[in-house]
Amino acid sequence: MAGKQGRQWRSMCKGLILGTLLTSCMILLYCLPIQQAHFNPPEIPVPYSCAHRPSHLHPKTSTNMSQKNSSQSCSPKVDIMFMKTHKTASSTFLNILFRFGEKHHLQFAFPNSRNDFFYPSLFQRSQVKDYKPGMCFNIICNHMRFNAPEVAKLLPLDTSYITILRDPAELFESSFHYFGRVVPFTWTIPGDDKLTEFLLDPHSYFDPEGFNSFYLKNLLFFDFGLDNTLELENPQVDEGIRFISERFHLVMLVEHFEESLILLKDALCWELDDLLFFKLNARKGSTVSKLTPELRARALEWNAIDWKLYQHFNQTFWKKVDAYGRLRMAKDVAELRKRNKEMASICIEGGQAVEAGSIQETDMQPWQPIGEKSIMGYNLKKDVNKTHRKLCRKMLMPEIQYLTELGVNLWITKLWGRVRSILNW
């Protein structure tokens, strides 16, 4: 009997060891920047107006309050660089871009084998699926660590650069929840409330050279390809903010998402129908840590560079709103909310998001953080009329599934997803 129990224990131990090794290999495969052979392709200038610009996009009349209510003709802009920052409702905006691109038959610059451009390594043109020098793309929008010179060599000169920011305290809380388990230094934090324990004395835990540590300090600044460990007084901080200001035509804010979309509509000469959205990747309320005023202050102090970055663009954002017109903005936001509410009643079973366990279709299951299922999703109504069925499905579709439908090879992401699913059992 003792021999049988011994064999069972040895078998269990072998299984645990093999499982640990497999999981470790998958984490390294997915999270480590893969060293690619950069072949320094020749620099063939991209045309000023992308060759794939659709001819059926006709100019429309646009009234711009900032130009003294003068009506003018403009054509929808289709060459777009969206810098997809982490934990900033960027997946919701990505869905808008995917639908716009499909509607107008635009050419996306997608990554190969993963849903990001081998983040956290700096972006390289060679990471684009099937890239060849001189190729023409309209839109690039997947996660990357921004590398301005390489991006500029990929897109037309008249490309509109767009990005989005979020209040750094809320972003830090979200990032800690979502990425904490893949940041090894957090494993040493005692207690159940690791977020609070960390913020009480972050320097005793944080390792700037540690694996994935960038997720938990000035993540926005890092995403833009800048040094997230600088002291706030370092001149490079202001230089970095100035660099972003000069490169990006519109910096949206999560806290004012609808106002951001209206500014984008005005800047790119889009239609209101192009802006319709449902909030994707929302967390269920029970998993969201409510930061006390003290913890919020500590989070902002810990992410001081991101806070300075956010404050700067918060000011420029409201200057754009003033130029657009506050009353006009309120009217347009109200109309957008009305249209979104109408679409929710047409598309969504029950009219709202549900927990992962209540999502009926596998194709509608969003990507979950390791160890839990906190990200909510939607059920598509079964009786959606033919007019709206395709649009509804697209609007509700999570990012990974949408990328697959657009023809992106995500074998590494999907393999990593299977390991994560096992860990979430």
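1. Surface. In this predicted model, the protein exposes about 20700 Å². Carbon and sulfur atoms supply 54% of that area. Of the 425 residues in the protein, 51% are buried.

2. Overall make-up. The protein has 14 helices and six strands. Take the contacts between residues at least 6 apart in sequence: 75% of them join residues at least 24 apart.

3. The open sheet. Four strands form an open sheet, in the order E4-E3-E5-E6. The pairing is parallel. Strand E4 (139–140) and strand E6 (250–253) are the edge strands, and each pairs on one side only. As a general point, strands of a sheet pair through backbone hydrogen bonds, either parallel or antiparallel.

4. E5, E6 and a helix. Strand E5 (residues 160–165) pairs with E6 over four bridges, in the parallel sense. Look for Ile162, which stands opposite Leu250 in E6. Helix H10 (residues 304–324) packs on the sheet and touches both E5 and E6. The direction of H10 makes about 105 degrees with that of E6.

5. Disulfide count. How many disulfides does a search of the whole structure find? There are two. Each is taken in turn below.

6. Cys74 and Cys269. These cysteines form a disulfide, with sulfur atoms 1.7 Å apart. The link is right-handed, with 65 degrees about the S-S bond. Are the two cysteines buried or exposed? Cys74 has a relative accessible area of 17%, under the 20% cut-off, so Cys74 counts as buried. Cys269 is buried too, with a relative accessible area of 4%.

7. Cys347 and Cys392. The sulfur atoms of this disulfide are 2.0 Å apart. The torsion about the S-S bond is about -65 degrees, so the disulfide is left-handed. Cys347 belongs to helix H11 (residues 326–347) and Cys392 to helix H12 (residues 386–396), so the pair ties together parts that are 45 residues apart in sequence. Both Cys347 and Cys392 are buried.

8. Why does Cys141 count as buried? Because the relative accessibility of Cys141 is 1%, and buried means under 20%.

Key
Residues are numbered from 1 along each chain as its sequence is written. This is a predicted model: local features need pLDDT of at least 70, side-chain atom pairs count only at pLDDT 80 or more; totals for chains, interfaces and linings use all residues. Side-chain values use heavy atoms; hydrogens and water are left out. A disulfide is a pair of cysteine sulfur atoms within 2.5 Å. Buried means under 20% relative accessible area, exposed over 50%, partly exposed in between (1.4 Å probe, protein chains only). Helices (H or I, at least four residues) and strands (E, at least two) are DSSP runs, numbered from the N terminus. Contact means heavy atoms within 4.5 Å. Accessible areas come from the Shrake-Rupley method with a 1.4 Å probe; for residues, only the protein chains shown count as cover. Two strands pair if DSSP finds at least two bridges between them. Axes are lines fitted to C-alpha atoms, for helices over the stretch in contact, and angles run from 0 to 180 degrees between N-to-C directions.
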